[in-house]
Amino acid sequence: MQMKKAMAISMIAAALSASAVTPVFAQTAAGNHTVQINASSFLVNANPVSIRTIVDGGVTLASVRDITNAIGATLHINSDHTVVVKFGENTLKLKNASKSITVNGAATPLSHPVKEVAYSTFIEPAAFVKALGGSFENNAISTVNLLDGAEHAIWVNASQLIVSNTAGEGREDFLVDAATGKNELLLKSEGASDLVLSPDGKSVAYSDANGAVFTIDLSTKQSKQVSTDSSIKNELQWSSDGSSLFFLQGDKSSIIAKVDVSDGKVTKVLEDKVDYKANLEVSADGTQFAFYVFKQPKVTADSSKDVELDDVAIDATGTEPQIYFYNAKAADNKPLQLTKDTADKVFLTLSSDGSKVSYVSVSADDASIGQLVTVDNAGKASTPLFADKDVYQLVQSGSKLYLLTADGNSTNAIYEIDSATGASKLVQTVSDSASELVVSNNSDIAVLIDGQLAVSTNGSWKNITN
């Protein structure tokens, strides 16, 4: 499905405006006049912080110590009253009334001199923050080096995501702070499957190119091999109790199996000799499954012709994906085919109780739009919802479904649907260049927009990667 492309959304909503509260009146170091000290609101790495400010000659100056504390830098004062601030690889030195600041030994001019009031040093915040290697705009301070791009993301909890990017022949996975964009490398790999988050949010699992399964403790960042079984494992899915991982086994994804996390034992759940299963979905109790089956096109060649001529006929009739449901609890149960139509089917989800599946249906007609369809586990389809909107993506979060849909010439819309009642509501609009919706189990929302990850914060979008 082709996504519309347009201008990317802004990185962050307008910063909190400075607002004075109970002012403090103090004399300058020279003692010749009184200056009002205000408590002003700033955003420091996306978090609201109160910083003391003064106005000197019409210019707003901010407390060096307050900014230093807010960003986690260190400050000390030499015997000659020189203020020394260290942050990362940068060392700054400044003095009262100075018209320059020394950065790593080099003097940098200031457009307004440093001011000392009530034994505190005040400076132009933009000049000070930039000298430390950060950025400053509209009372918003940022000192975090954001990741370059985002190809895939999952929520870990309300304050963290895992962001994945291609790196050479492999992939790099980072833990990223949802508020600041601060990040640390979690895994660098080649041939590894996507990371899948455990139900308790404390670890992730993946399989390597040899089929071995590993988990990573997200608090310690320690990796542990839990299985040495060498069979191909596609689409790992945790059981709800975190004791095992389900997967599609084999180079043709023919078997549904599971691996016990405690001892690495692999058990087959379904072996029906049907190849090319995909998009495995598992119910909360681990006994009901939904998946696609893809049939391969029929290829015929004229035996009288040289095979090097590549003169073959390909018949793709009946190769559209079809949805199947399997209940492992039922005696002698076989997978039940839920769909038989010729439309493409994407974003398959299975309700936690296994009673129904939902997906986005897109017919072969180029003029068609994506429609949300729900089918119960007996194959009875509901009337498509949002029939008048083009549904780009479907994401399930607990008992709720989230849709990314077309909304207008320059925006897309995110809707929340109660899967039990069908009631829907508009959650938020987003740029129409949004290509992927990322929703946590607690309904935290992020989107990928032109290779950047933006997080929804108080109704606004904030980029946490470049």
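How many bridges join strand β22 to β23, and in which sense do the two strands run? Four bridges do the joining, and β22 (residues 233–238) and β23 run antiparallel. The views below start from there.

This is a predicted model, in which local features need pLDDT of at least 70 and side-chain atom pairs count only at pLDDT 80 or more, while totals for chains, interfaces and linings use all residues. Residues are numbered from 1 along each chain as its sequence is written, and side-chain values use heavy atoms, with hydrogens and water left out.

View 1. Strands here are DSSP runs of E with at least two residues, helices are runs of H or I with at least four, and both are numbered from the N terminus. Two strands count as paired if DSSP finds at least two bridges between them. Look for W238, whose bridge partner in β23 is L245. Five residues sit between the two strands, and G242 takes a positive phi near 75° in this hairpin.

View 2. Buried means under 20% relative accessible area, exposed means over 50%, and partly exposed lies in between (1.4 Å probe, protein chains only).

**View 3. On to β24.** Six bridges pair β23 with β24 (residues 255–260), in the antiparallel sense. S244 stands opposite D260, and L248 has I256 as its bridge partner. This is a hairpin too, with five residues between the strands and a positive phi of about 100° at G250 in the turn.

View 4. Four strands make an open sheet in the order β22-β23-β24-β25, with antiparallel pairing. β22 and β25 (266–271) are the edge strands, each pairing on one side only.

**View 5. Helix α1.** Among the residues of α1 (residues 64–71), V64, D66, I67, T68 and I71 are buried. At the helix start, a side-chain oxygen of S63 comes to within 3.4 Å of the backbone nitrogen of R65. Just after the helix, G72 has a positive phi of about 85°.

View 6. pLDDT is the predictor's confidence in each residue, from 0 to 100. The protein averages 88, and 89% of the residues score at least 70. Over residues 1–22, though, pLDDT stays under 50. Where pLDDT is low, the predicted coordinates should not be read in detail.

Note on methods
Contact = heavy atoms within 4.5 Å. Polar contact = N/O pair within 3.5 Å; in protein donor to acceptor, adjacent residues only side chain to side chain.
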